[in-house]
Amino acid sequence: MDAANGVKARRILFSLGEPSGDLLAALDRFERAIVECDDPSVIETRRLNCLAVLDRLAAAHELLG
């Protein structure tokens, strides 16, 4: 995983409409952990946070139908 993947993810999100602030913040923390060469456990935690935000967004979308 590298910062280029984060940039690609942002482009996809923006192409789908306006992404949530929570997701953008989570992606920013994830990218920063990668760029700053944080410990792999920190990077994994940030990645899981991004996935958790995506799960919440998906669940909210399903509820709205």
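I began with Glu44, which at 33% relative accessibility counts as partly exposed, a class lying between buried (under 20% relative accessible area) and exposed (over 50%), with a 1.4 Å probe and protein chains only. I note that this is a predicted model, in which local features need pLDDT of at least 70 and side-chain atom pairs count only at pLDDT 80 or more, while totals for chains, interfaces and linings use all residues. Residues are numbered from 1 along each chain as its sequence is written, and side-chain values use heavy atoms, with hydrogens and water left out.

**Salt bridges**

I searched the whole structure for salt bridges and found 2, taking a salt bridge as a side-chain nitrogen of Lys or Arg within 4 Å of a carboxyl oxygen of Asp or Glu. Glu44 pairs in this way with Arg47, the closest N and O atoms being 2.7 Å apart, and Arg47 is itself partly exposed at 30% relative accessibility. The two residues are 3 apart in helix H3, and therefore separated by about one helical turn. An α-helix has 3.6 residues a turn, so residues three or four places apart point the same way.

**Overall layout**

I then went through the chain as a whole, which has 3 helices and 0 strands and reads α-α-α along the sequence; helices (H or I, at least four residues) and strands (E, at least two) are DSSP runs, numbered from the N terminus. Of the 65 residues, 18% are buried. Among contacts with a separation of 6 or more, 46% come from residues 24 or more positions apart, a contact being heavy atoms within 4.5 Å. The accessible surface comes to about 4700 Å², with 59% of that belonging to carbon and sulfur atoms; the areas come from the Shrake-Rupley method with a 1.4 Å probe, and for residues only the protein chains shown count as cover.

**Helix H2 and what follows**

I checked the length of H2 (residues 21-35), whose 15 residues should span 21 Å at 1.5 Å a residue, and its end C-alpha atoms are 21 Å apart, which agrees; the expected span is 1.5 Å times one less than the number of residues. Which residues of H2 are buried? I listed Leu23, Ala26, Leu27, Phe30, Glu31, Ala33 and Ile34. They cover an arc of only 155° around the axis, which puts them on the same side of H2, the arc being that of the directions from the helix axis to the C-beta atoms. Gly21 and Val35 are exposed on the other side of H2.

Just after H2, Cys37 takes a positive phi of about 55° although it is not a glycine. Most residues other than glycine have a negative phi. Cys37 sits in the loop between H2 and H3 and counts as exposed at 65% relative accessibility.

**Nonpolar patch**

Last, I looked up a nonpolar surface patch of about 300 Å², made by Leu48, Leu51, Leu54 and Leu57. Patches take residues with over 30% relative accessible area and no salt bridge, joining like charges within 9 Å and nonpolar side chains (Val, Leu, Ile, Met, Phe, Trp, Tyr) within 5 Å. Leu51 lies in helix H3 (residues 40-64) and is partly exposed, with a relative accessible area of 37%.
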